[in-house]
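Here is a short report on one protein model. Keep the structure in view as you read.

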Amino acid sequence: MRSVEEALDAILAAARQTGTESLSLERCAGRVPADLRVIAAIDVPPFDNSSMDGFALRAADARGVLRLVGEVAAGAASLPTVGAGTTVRIMTGAPMPPGADAVAPLEVVEETEGLVHVPAVEAGAFVRRAGHDTRAGDAVDLPAEPMSPGTLAVLASLGIAEVQVRRRPRVAILSTGDELVAPGQPLGPGQLYDANAVALAAAVVEAGGQPVPLPRAPDDATRIEELVRRAAAEADLLVASGGVSVGRHDHVRDVIEAL
């Protein structure tokens, strides 16, 4: 008898890669990307922006009192210019205004009637530069595994709306036995509920596949052959439960070997 490891190796050796389909990013969680490399079309972030709520200024003017000449919110299209001795209130994520090269966080400054007292700050302080995460033209490699929220966030930040993913494997589930009854139906003498089909379908979903339940089969070789042929036509993989021993009513193994 084969060990579990030997059986798994044999199954994987015969496995074929599924085809692909294009899905919107919102539907790609848990799906495996077909293309493992994408090329960034834009810088991320696309512009210099503030990483703090505070005041945009020239680092050379810091450690002093600056005159407040405007405000920049996230998403602003029109930007005031920061000149010598001036500063602009800025929000987290807002684009850096022309002339400013640093941000003094709100927590370290004092504002009084349009005048802002700022400590010394270095050029580039609290500024996220354009392309800090990714540069336009950079190759971004994706892992060959189900995509995580982090991977999807990277793709979204690049402006990618659809992804080619591997199609979920279709797994046919064949449960056999004269004694089996669907849950919820009355039990007759010698009968029991079919728990294996339910468990196997759930295991397929958990593993990332798409279950294809087949009709429950009696211990009849002709009917079992019909369902095995149907599974071969409709699914990528067949999982059979029951009928695989050496008894007179065990037909699954003989049917599969004959086919």
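## The sheet

Two strands pair if DSSP finds at least two bridges between them. This is a predicted model. In it, strand E4 (residues 54-57) pairs with strand E6 (residues 86-90) over three bridges, in the antiparallel sense. Phe55 stands opposite Arg89 in E6.

These strands belong to an open sheet of six strands. The order is E7-E4-E6-E5-E9-E8, and the pairing is mixed. Strand E7 (102-105) and strand E8 (110-112) stand at the edges. Each has a single partner strand, so one side of each is left without a neighbour in the sheet. From one strand to the next, the twist averages 40°.

## A loop residue

Ser78 lies in the loop between strand E5 (64-72) and E6. Is Ser78 buried or exposed? The cut-off for exposed is over 50% relative accessible area. Ser78 has 64%, so Ser78 is exposed. Pro95 is 17 residues from Ser78 along the chain. The C-alpha atoms of Ser78 and Pro95 are separated by 9.7 Å.

## The nonpolar core

In soluble globular proteins, nonpolar side chains tend to be buried together. The largest nonpolar core here has 14 residues. Which of them touch the most other members? They are Cys28, Val38, Met147, Leu155, Leu158, Val163 and Val165. Helix H2 (149-157) and strand E12 (162-166) each supply at least two residues of this core.

Take Cys28 as an example. Leaving aside residues up to four places away in sequence, Cys28 touches Leu23, Met147, Leu152, Val163 and Val165.

## Salt bridges

How many salt bridges does the structure hold? There are twelve. One of them joins Arg89 and Glu71, with the closest N and O atoms 3.5 Å apart. This pair links distant parts of the chain: Arg89 is in strand E6, Glu71 is in strand E5, and they are 18 residues apart. Glu71 counts as partly exposed, at 47% relative accessibility. Glu71, Arg89 and Glu111 are linked in a network of salt bridges.

Asp61 and Arg58 also meet in a salt bridge through their side chains, at 3.0 Å from N to O. Asp61 counts as buried at 18% relative accessibility, whereas Arg58 counts as partly exposed at 28%.

Another salt bridge joins the side chains of Glu225 and Arg229, at 3.1 Å from N to O. They sit four residues apart in helix H4 (residues 221-234), so about one helical turn separates them. Glu225 counts as partly exposed at 30% relative accessibility. Arg229 counts as partly exposed at 49%.

Definitions and conventions. Residues numbered from 1 in each chain as written. Predicted model: local features only at pLDDT ≥ 70, side-chain atom pairs only at ≥ 80, totals over all residues. Heavy atoms only, no water. Axes fitted to C-alpha atoms, helices over the stretch in contact; angles between N-to-C directions. Buried < 20%, exposed > 50% of the residue type's maximum accessible area, 1.4 Å probe, protein only. Core = buried A, V, L, I, M, F, W, Y, C linked by side-chain atoms within 4.5 Å. Contact = heavy atoms within 4.5 Å. Salt bridge = Lys/Arg side-chain N within 4 Å of Asp/Glu carboxyl O.
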